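This report looks at aromatic pairs, surface patches and one backbone angle. Please keep the structure in view while reading.

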Amino acid sequence: MINYSRLSICVFFITIILISLFMNKKKIKVIWIILFMSISFAIFFGLRNFDIGKDTLQYIWRYETRLVRFDILFELISIVINYIFMGNKTLYLIMISFLICWFTGLAIFKIIGNRKSVIYIFYLTMMMPYFILANINILRQGLATSFALLALSFDLEGKNKIALFLFVCSGLCHKSLFLIIAVYYLVKIFKIRVKHLFCLTIVLIVFFNSQFMENILYYFSTSPFVQKIFMRDATITGTYILKYIFYFSFIIVFLLITKIFGKENNYLIQFQKFPLSCLFSAALISFGKLNSTRILIILDFVLIVWGFLVIENLDYNKIPTYFQNIFSKKNKQKLYMVLIIFVTSYCMISLFMNALTSDLKL
């Protein structure tokens with residue numbers, strides 16, 4: 001069993017990217033490097049003490065008792081793993097973490113294409129704090145999100161039936177995904193434009209966090225449903241607002257760059273609808289801060305991919321000459337290294353500032 005420290009997690013990530021880059025130089029296929037990264041990540045976080053991650057003991061208990069109560073597909077996957085590995089709890093944690101990483105890596109591979117840049121993007125995604133949390137603590141939501149990303153990759157390819165099946169699988173792993181799926185398909189069916197969806201999201205956030213909404217909740221404060229919201233939200237600190245600011249900042253930058261310097265690209269437009277559907281869903285239930293925050297977590301899985309697609313979609317004729325040199329093909333490797341340093345630093349700050357470790361008991 002591994003007793004994690006903040007430093008050991010950072011050293012592990014740096015080691016993994018160095019080995020992956022070495023494998024890339026040896027011209028090993030990208031998909032095999034993704035598999036290596038997924039297995040390494042799963043083993044590292046699967047070999048943990050069961051008291052690491054607030055919810056781990058609850059998952060272990062449900063795994064041992066084989067109860068099917070809430071999210072049926074997650075419970076059934078747990079039962080299958082229990083049967084195959086004869087109830088071994090450590091192998092259970094490794095397998096769940098592997099499924100989360102592999103499905104996410106495969107989705108990124110399918111969305112980006114068979115390029116070397118997939119290695120960087122997958123690594124940067126794994127470094128995002130709530131991707132780590134999804135592998136150690138919120139396992140159901142982590143697996144549900146990885147299913148959803150895989151579904152999105154098929155949907156972007158036009159394989160609608162497979163995409164719908166995988167989206168349903170994601171909802172059966174964690175019910176919160178059904179809200180996102182419903183919003184995403186409504187956006188597609190009614191052909192709602194990205195800018196209109198973004199504006200609606202802002203209106204919802206302002207409304208549900210207004211004094212008027214607080215008065216409504218207070219009026220119904222005797223309701224068990226409202227009391228449950230208040231009890232859950234008591235655990236949420238000021239980081240709730242910071243999360244919205246963080247994600248909104250990235251989304252505004254991505255949308256502005258695409259609008260001003262981007263080319264007409266239906267693939268990117270369709271992709272953008274998924275993270276914006278996540279943001280809209282979070283806003284739709286933002287009167288309950290904890291549930292809203294849990295949905296926002298999903299954006300950690302897609303921000304890096306979105307940023308890459310934005311850069312790839314740049315129209316160099318619209319970019320000032322100085323910036324054309326920065327984003328030229330010969331400088332892309334340097335840009336990826338800058339991103340790796342930036343995201344690694346962000347992860348280390350999150351770890352050392354206890355933004356993540358309160359859930360992991362590090």
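## Aromatic pairs

In this predicted model, Phe 103 and Phe 147 are both buried.

Another tilted pair consists of Phe 167 and Tyr 184, with 5.6 Å from centre to centre and 50° between the planes. Phe 167 sits in helix α9 and Tyr 184 in helix α10, so the contact ties together parts that are 17 residues apart in sequence. Phe 167 and Tyr 184 are both buried.

## Aromatic rings across the structure

How many aromatic pairs does a search of the whole structure find? The search gives 18. Ring pairs also join Phe 12, Phe 41, Phe 44, Phe 45, Phe 131 and Phe 301 into a cluster.

Ile 72, Leu 76, Leu 164, Val 168, Leu 172 and Phe 178 make a nonpolar surface patch of about 460 Å². Which helix gives the most residues to the nonpolar patch? Helix α9 does, with three. Both α4 (72-84) and α9 (160-173) supply at least two residues each.

Leu 76, one of the patch residues, lies in helix α4. Its relative accessible area is 41%, so Leu 76 is classed as partly exposed, a class that lies between under 20% for buried and over 50% for exposed.

## A positive patch on the surface

A positive surface patch is formed by Arg 193, Lys 195, Lys 259 and Lys 318. Among them, Lys 259 is placed in helix α14 (residues 239-261). Lys 259 counts as exposed because its relative accessibility is 68%, and the class begins over 50%.

## A positive phi in a loop

Most residues other than glycine have a negative phi. Lys 191, which is not a glycine, has a positive phi near 50°.

Where is Lys 191 found? Lys 191 is in the loop between α10 (176-189) and α11 (194-208). With a relative accessible area of 69%, Lys 191 is exposed.

Conventions:
Residues are numbered from 1 along each chain as its sequence is written. This is a predicted model: local features need pLDDT of at least 70, side-chain atom pairs count only at pLDDT 80 or more; totals for chains, interfaces and linings use all residues. Side-chain values use heavy atoms; hydrogens and water are left out. Patches are made of residues with over 30% relative accessible area and no salt bridge: like charges are joined within 9 Å, nonpolar side chains (Val, Leu, Ile, Met, Phe, Trp, Tyr) within 5 Å. Accessible areas come from the Shrake-Rupley method with a 1.4 Å probe; for residues, only the protein chains shown count as cover. A salt bridge is a side-chain nitrogen of Lys or Arg within 4 Å of a carboxyl oxygen of Asp or Glu. Lys and Arg count as positive and Asp and Glu as negative; His and the chain ends are not counted. The place of a charge is taken as NZ of Lys, CZ of Arg, CG of Asp or CD of Glu. Helices (H or I, at least four residues) and strands (E, at least two) are DSSP runs, numbered from the N terminus. Buried means under 20% relative accessible area, exposed over 50%, partly exposed in between (1.4 Å probe, protein chains only). Rings of Phe, Tyr and Trp (its six-membered ring) pair if their centres lie within 6.5 Å; planes under 30 degrees apart count as stacked, over 60 as edge-to-face and the rest as tilted.
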